[in-house]
Structures are given as structure tokens and as C-alpha cells.
Amino acid sequence: GSGILTKIVLANTISPTDYGIITLVAISLPALFQLISTFNFYQILSHAQDGKKYFGFCLVSSIIITIIISIALFLFSSTFFSYLNLPDDRTGLFLAVIIISLFSISILGDIQGLLTGLKDYALPGILMALPSIIRLLAVIILFALNMLSFELIIMVFALANVVPLIMLAFFEPCKHILAPLKPLSIPDKKMFSFGTAVFIITSFSSFGQYLMRIVISHNLGILWQGYFDVSLTLVSVLLFSLGTMSLISIPEATDKNANTLHEYGGLGDVTRVLFAFMVILLIVIIFYAEFITTVLFSKDFIEASRYVYILAIGYVFLFIQNFVANLNISSAKSQKDFLIPSCFALGSLPFFFFLTDYLIIAFQQWGFGNGFCGAYVAYLIIIVVITAGTIIFSTDHSPIRILMNKIERLVGSCLVTIIILFIFNPSPILGIPTLIIIFCSLIFMSGYLNKKIILDIFRSRG
């Protein structure tokens, strides 16, 4: 939430071009390189039973890989930034921002993996949110002091990533985290295969989106990368469901008592609740994306709302694919079981680049403006194909059976809600709460979800 608010403040105070540069250089590129620097280490460390044994190896490896990436960036920075259509007079600044951010988030990623494997879900969430909160507070202060210079803002984005590491170094209750740092145990073949498979499944979409940003920035310019970032920010509300499911599914499924998928109120029921919540948000985006974009980001970013519903539909398919793949990998017994769910995701990565490039040009030739919508269509096509392949070739189909249980009632609830919105066409202020109330009432009345499960979740946390 704080990350979204920070972007909203930025979008309303700086130009769309500067917004595009900051989100690409300070957020997207470091995150892209972090996928390389931490590789499958987060997934290895998140294994509930054995992951903590490999913390030292993962941390040292991440630092070494980060150094190699930083040297390569330093040597080829001018060519790389020129390809992205970034201003060539700020190469040193961009390089510093990326390297500072990359070192911080690489180390932090390993620590978050360790905590997740220890089933401490609260602290990794805090560490993940802290940089965004720091950025939000800093941007608000700079805005109040009328000091919103480009250079200052982009450095704030970079330095905010260092804050969680400072907290871990000096905050006494956090120092126990470094206890498993020694010895440097190398993961065995099965653990490495497990981590690699989960890494591919959970990261291919993010990796693909970063590749798409590069294509958009190169083909259309940094301004349109900014529009695409706003689209991703709008659909990021769906990541609550997707991210929560991904966070809990691996440690829960790899626990010694991994029977929660079928238990009342267990992983299966919680996942269906999250899926229903994602569908509610999808309907909101389909009907009111333009209104939300205008209110939050200003009319300057209206292009970001035109095709955002395509991304949102893709996220629904991604939720299904991730759930099926995560559960299959968690119960895998052989190398083949690790390979099947991950091969589709791994094979998709070149298509995020080349299909996006092809469809942008194709839609230009077909008369769809500058072809910007081609990036959105490319994402949806890739995700749908991967989801279908994952389901068809998975060895264990129980996750999809549980997720699709009573699915006709969820579909019926969606259709009734959409028909009511079409007929009455309420204003966004009235329509958004109305559709939420109608949809929630229908999914409980139809029996798709059990209201008691929702109440039990909150009672158990009380």
C-alpha cells in the first residue's frame, strides 16, 4: 500500500517522463538483477524443514553474484542505458542507484527467505514493506519542503532499501537471524532442484514483466514505460491474493504435517478465499480502471488505464498456474516432477521479449495507435498458454480440483454482478461498494465460500 501511495504522490508532482525514469531505474532494473543475484536462494531457504542449513552459502553467493553484475553494469552502462532511451547525462547517477539498491535487496531477499522457511511470516512482510514506507514518508517531507528534485527523489528510492539492513544490524531482537550463517553448507541436488523449480515458477512472470518494460522503453520510449508501470501498479492490488498464496503455499506444503490442503480452513480453503477476493478486484478494474487512474494518478496517465483489464485477467490465470505448480513441486519425488512444472515457465521467458516486440509492431501496422496494447496482449497470451500447459502436464491434479470446486457458483456470482452493473451503470463512487456487496453476498449465498471459514480466520488471529 505504501508503495502504491508513493507512486501516486510522484505521479501527481513530477512529469510522466521523470516518473518513468525513476520507476525503471530505481525499482524495476534492481528487481530484475536481483532475480539473478539471489537466483533460487529464497526458495531454498523457504523450505520449512531443511532451508535454514543453507543460509550462509546463499548469502555469500548472492554477494558474489551482485559484485559481478555491478562490474558488468559499470563496463557497459552507456550502451545499456542508451538502449533503454535513458538520458546519457545521468549515467553515473543511474549506475549508483542500481548498485546501491541491488546490494541491499539481494541480501534482504536471502534473509526474507530464511524467515519464511522458519514460518515467521510477519517479519519478512515488515522488511519487505519498510523501504516503501520510508520512500512514502521521505517523498511527503520533500514535497512539504518544496524539495522534489529528480536527483534527490531517485536517491531516496535507492537509500530506502538500506534501512531494513540497518534495522537488522542494530535492533537486538533481529540479531538472532544471523545465527544460521555458519557453516557454509552447499545444497544437495534435490534441494537445488526444488529451489530452482520454485524460483522459475514464482519469478517467471516478474522476470517477464521486466523484460517487457525494456522492450517498451526501447520501442516506444521511457514515457510509455511509465504508463506501463502505472498499469502494473493498478493491478498490484491483485497481488495481495497472489502474493499471499505464494508466500504460504511452499512452507505449508513442505511442512512435516503437509495435510492442510484438504483440511477444513486449511491451505485449500484459504486459497479459494484469496481467489474469490482476486475476482472481486478484477471486476472493479474492468469497470472502473479509467476513473481510478484519473483520481489517483491524474489525467496525464490515462493511457495506463486503457488496457489494464488485460493484465488483470492474466493475473487470475497466473494465480491458478502458481497454485498448481507450487503444490506439485512441494510434493515432488523425482527430478522429472521438478522439471515438468517449471519447463513451461522457463521456456516462456524469451517470448516475453520477442512476442512483446512483435505485437507492438503488429498492432502499429493494424492501426492500433503506437501498438502499446500489444504488450498487454502478449502478457495475457503467454500466461494463458503456461497455465494450460502446467495443468495438463502436472502429475498431481488435486490442487486444481480443490481450486475449481464449485467454480460454477463463482462464475455465476460474477455474471450476475456484471449484468447488474451493465444494466444500471452506477457511478464509480456508488458502483464500487455496490459490486463488492453484491458479489460477496452471492458467493456466500451460493455456497462457493463458507462464511464460517472467514470468521474462523479472524477469530484464530484475535
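Student: Let's start with α13 and α15: is their crossing left-handed or right-handed?
Tutor: Keep in mind that this is a predicted model. The contact on the α13 side includes V308, L311, Y315 and L318, and on the α15 side Y376, L380, I383 and T387 are among the residues involved. The crossing of these two helices, α13 and α15, is left-handed.

Student: OK, and how do α13 and α15 lie relative to each other, roughly parallel or roughly antiparallel?
Tutor: Two packed helices are described by the angle between their axes and the distance between the axes. Here α13 (residues 308–330) and α15 (residues 373–393) have axes 9 Å apart, at an angle of about 20 degrees. Angles under 35 degrees count as roughly parallel, so α13 and α15 are roughly parallel.

Student: Switching to loops, is N146 buried or exposed?
Tutor: N146 sits in the loop between α6 (122–144) and α7 (150–159). Its phi is positive, about 55 degrees, although N146 is not a glycine. Most residues other than glycine have a negative phi. The relative accessible area of N146 is 71%, and over 50% counts as exposed, so N146 is exposed.

Student: And which residue has a positive phi near 45 degrees without being glycine?
Tutor: Look in the loop between α17 (407–424) and α18 (428–445). With phi near 45 degrees, the one you want is N425.

Notes: Residues are numbered from 1 along each chain as its sequence is written. This is a predicted model: local features need pLDDT of at least 70, side-chain atom pairs count only at pLDDT 80 or more; totals for chains, interfaces and linings use all residues. Side-chain values use heavy atoms; hydrogens and water are left out. Axes are lines fitted to C-alpha atoms, for helices over the stretch in contact, and angles run from 0 to 180 degrees between N-to-C directions. Helices (H or I, at least four residues) and strands (E, at least two) are DSSP runs, numbered from the N terminus. Angles under 35 degrees count as roughly parallel, over 145 as roughly antiparallel, 65 to 115 as roughly perpendicular and the rest as oblique. A crossing is left-handed if the near helix is turned anticlockwise from the far one by less than a right angle, and right-handed if clockwise. Contact means heavy atoms within 4.5 Å. Buried means under 20% relative accessible area, exposed over 50%, partly exposed in between (1.4 Å probe, protein chains only).
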